[in-house]
Amino acid sequence: MTAPDFAAAITAGGRSSRYGSDKALAVLDGRTLLAHVAASLEPCAVKLLVAPPGRYALAGWHAVPDTRPGEGPLAGLEAALGAAPPGWVAFAGVDMPALTPAYWHALTAARTPGTLAVLALDGEGRPQPLAALYHTALRPHVTALLDAGERRLRLAVPDGHATVVAGLDARFFRNVNRPGDLEGEDPSTR
Ligand SMILES: Nc1nc2c(ncn2[C@@H]2O[C@H](COP(=O)(O)OP(=O)(O)OP(=O)(O)O)[C@@H](O)[C@H]2O)c(=O)[nH]1
Ligand SMILES: [Mg+2]
């Protein structure tokens, strides 16, 4: 199989304060949330795990330290865009266990020349920035935002530079923030 023409990056530098213990290592259907997300991006040739040094060992994934430890996923994106080869980066939170290769395929198919990001609308019709494609050309903008004190990942893309994908199965967007979010439907049975 040909490797996809984009790099993969998982941002996993959070504190899991709402979850109460490291949610990356929480187990769902026999494997960790981190392993679920990694599996969705396994075919990528370049795989980056943005996390504190030594926190995780994930075969085939390169550890990338945060540029601004503890400053949130927008800082994780800055680190990912700085470490990836020039081009597209599939950027995912560690707490999105229902993502699949088909999800990433839908986003990559929506890329258009001149666009800098591709975001899917979630079940509530909002763009999901924690499971999106970003182009490395965005990095200076992300750095400027962070330098100015901004921390909201959803502002990573300047107006007019994102492509939005609608109509994806809402179950892809399962997001684990609290222990109760692990209960309910098993995404592997859909
Ligand atoms: N690299 C990096 N990733 C982060 C950082 N903060 C949060 N993240 C990641 O961003 C994703 C979404 O963040 P949250 O859902 O807020 O996770 P969290 O910050 O660990 O959890 P809370 O403490 O409950 O907010 C998760 O994959 C986190 O690991 C950070 O400072 N650096
Ligand atoms: Mg957080």
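Predicted model: local features only at pLDDT ≥ 70, side-chain atom pairs only at ≥ 80, totals over all residues.
Residues are numbered from 1 along each chain as its sequence is written, while chains are lettered from A and ligands numbered from 1 in the order in which they are written.

- Seven strands make up an open sheet with mixed pairing, in the order 5-4-1-6-8-7-9.
- The edges belong to strand 5 (62-64) and strand 9 (162-165), each of which pairs on one side only.
- On average, neighbouring strands here are turned by 25° against each other, direction ignored; axes are lines fitted to C-alpha atoms, for helices over the stretch in contact, and angles run from 0 to 180 degrees between N-to-C directions.
- A quick word on terms: strands (E, at least two residues) and helices (H or I, at least four residues) are DSSP runs, numbered from the N terminus.
- Two strands pair if DSSP finds at least two bridges between them.
- Strands of a sheet pair through backbone hydrogen bonds, either parallel or antiparallel.

**Strand 1 and its partners**

- Strand 1 (residues 7-11) pairs with strand 4 (residues 47-50) in the parallel sense, over four bridges.
- Strand 1 also runs parallel to strand 6 (residues 88-93), and five bridges join the two.

**Strand 6**

- Six of the six residues of strand 6 are buried, so the rest of the structure largely encloses this strand.
- Trp88, Ala90 and Ala92 cover one face, while Val89, Phe91 and Gly93 are on the other.
- With strand 8 (residues 131-135), strand 6 pairs in the antiparallel sense over five bridges.
- Ala90 has Leu133 as its bridge partner in strand 8.

**Around the ligand**

- Ligand 1 is surrounded by 22 residues, and the closest are Gly13, Gly14, Ser17, Arg18 and Gly76; a residue is near a molecule or strand if its C-beta atom, placed from the backbone, lies within 6 Å of it.
- Helix 2 (residues 73-83) gives the largest share of this shell, three residues.
- The shell has seven nonpolar, ten polar and five charged residues; Ala, Val, Leu, Ile, Met, Phe, Trp, Tyr, Cys and Pro count as nonpolar, Asp, Glu, Lys and Arg as charged, and the others, Gly among them, as polar.

**What the UniProt record lists**

- An unreviewed UniProt entry lists residues 8-153 as "domain: MobA-like NTP transferase"; positions are in the numbering used here, feature names are shortened, and annotations may be inferred rather than shown by experiment.
- Over residues 8-153 the chain is 25% helix and 21% strand, and the end C-alpha atoms are 17 Å apart.
- The unreviewed entry also lists Asp95 under "binding site".
- Asp95 is in the loop between strand 6 and helix 3 (101-109), and it counts as buried because it has 23 C-beta neighbours inside 10 Å.
- Leaving out residues up to four places away in sequence, Asp95 touches Lys23, Leu33, Asn175, Val176 and Asn177; contact means that the C-beta atoms, placed from the backbone, lie within 7 Å.

**Some loop residues**

- Most residues other than glycine have a negative phi, and most peptide bonds are trans.
- Ser16, in the loop between strand 1 and strand 2 (27-28), has a positive phi near 50°.
- Asp29 isn't a glycine either, yet has a positive phi of about 50°; Asp29 is in the loop between strand 2 and strand 3 (31-32).
- Ser16 is partly exposed because 18 other C-beta atoms lie within 10 Å, while Asp29 is exposed, with 12.
- His161 is in the loop between helix 4 (139-147) and strand 9, and counts as partly exposed because it has 15 C-beta neighbours inside 10 Å.

Terms used. Buried ≥ 20, exposed ≤ 12 C-beta atoms within 10 Å, placed from the backbone. Contact = placed C-beta atoms within 7 Å.
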